[in-house]
Amino acid sequence: MWPSPHGLMEKIVRSFDEPFADDSAIPSFAVYGAARKNVTVALSGLGGDELFGGYERYLGCQLSETYKRLPTFLRKTLVHNVIEKLPERPDGHYTINHLKRFARSASLPADRCYLGFLSQMKSPLDFFADKTRFRAPVQTCQDLVFAHFNSPKASNGLNRAFYCDIKTYLPEDILALTDRLSMHHSLEVRVPFLDHKLLEFCATIPPEMKIRWLQKKYLLKKAVSPLLPPDVIQHRKQGFVGPMTRWLQSDLKSYTIDTLSENNLKKHGIFNPKTVQKLLTEHFTRQQIHDTAIWSLLIFQTWYDLYIEN
């Protein structure tokens, strides 16, 4: 039997002992718990997207080069303004959200463009009650992305994106999440795609062989097509996340409103209650998708209640 939302949040936060806010934690927690009932060691496909070009943002990198050739007035006035006014999809899918992030960022220099694809928030500093206090830490995080993206070890746009993710998102997010939550259930998860010899070899493969004609993971799909049925090879990309957008608008709505109330936020005074309320309103009314930002706030507030206040 599943615990209450508060109980589940506590279990997830205690697995990390820190405010670790990847929203795939809920399905990961469930899958690892179910797997542990039958096995003690499991294999994961982590690394396949970073090695072979499986994320939508990689397509964004390719398309942005063409998009920048459009007249400025067309990009900034017509396309951007029209897309920003589109309501988010009722099923919570990211189609419109991805379009908005693309329109906001595709005209920027390559490194800032990629940071924009990674970020849901237009201005992260708006989160904080004291912007001056957090300006330097926010800039440090952004500079870290720029440093890896612009590393001389990566030769072009797509390789820069692959390298940046291998140095940041892969070890600091999804590998950390997999390790902590699988260990919570005493399950050992191994990652064959990240064998160092395979990873080093994949880094030598030209990116145009990994993504071709806007088809992600083109080379990997060709390689395994004799081994898997066509409906698996041709299935659309699905990230390993739950329907967080809809959960926050339905099952978790009352819990979210209560947890992120102004009184709770005032306990530490870190976040701006007006900004948080604006995020919630936009998300609940489907003006914008803010599931990642709201989940991050929920995780932080739960961590604060468990480890600081108590």
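I take contact to mean heavy atoms within 4.5 Å. The model is predicted, so I use local features only at pLDDT of at least 70 and side-chain atom pairs only at pLDDT 80 or more, while totals for chains, interfaces and linings use all residues. Residues are numbered from 1 along each chain as its sequence is written, and side-chain values use heavy atoms, without hydrogens and water.

Entry 1, F162. I looked up its contacts, leaving out residues up to four places away in sequence, and found E50, G53, Y58, P207 and K210. F162 sits in helix α9, residues 157–167 (helices are DSSP runs of H or I, at least four residues, numbered from the N terminus). F162 counts as buried because its relative accessibility is 3% (buried is under 20% relative accessible area, exposed over 50%, partly exposed in between, with a 1.4 Å probe and protein chains only). I also checked F162 against V31: they are 131 residues apart in sequence and 27 Å apart in space, C-alpha to C-alpha.

I use nonpolar core for a set of buried Ala, Val, Leu, Ile, Met, Phe, Trp, Tyr and Cys residues joined through side-chain atoms within 4.5 Å. The largest one has 41 residues, and I12, F127, F128, L260, F271, W295 and L298 touch the most other members. Helix α19 gives the most to this core, ten residues. Another core, of 28 residues, lies apart from it and includes L59, Y67, C202 and L220.

Beyond four places in sequence, I list its contacts as M9, I12, A21, D22, D23, A25, I26 and M244.

I found V232 in helix α14, residues 230–233. V232 is partly exposed, at 45% relative accessible area.

How values were computed: Helices (H or I, at least four residues) and strands (E, at least two) are DSSP runs, numbered from the N terminus.
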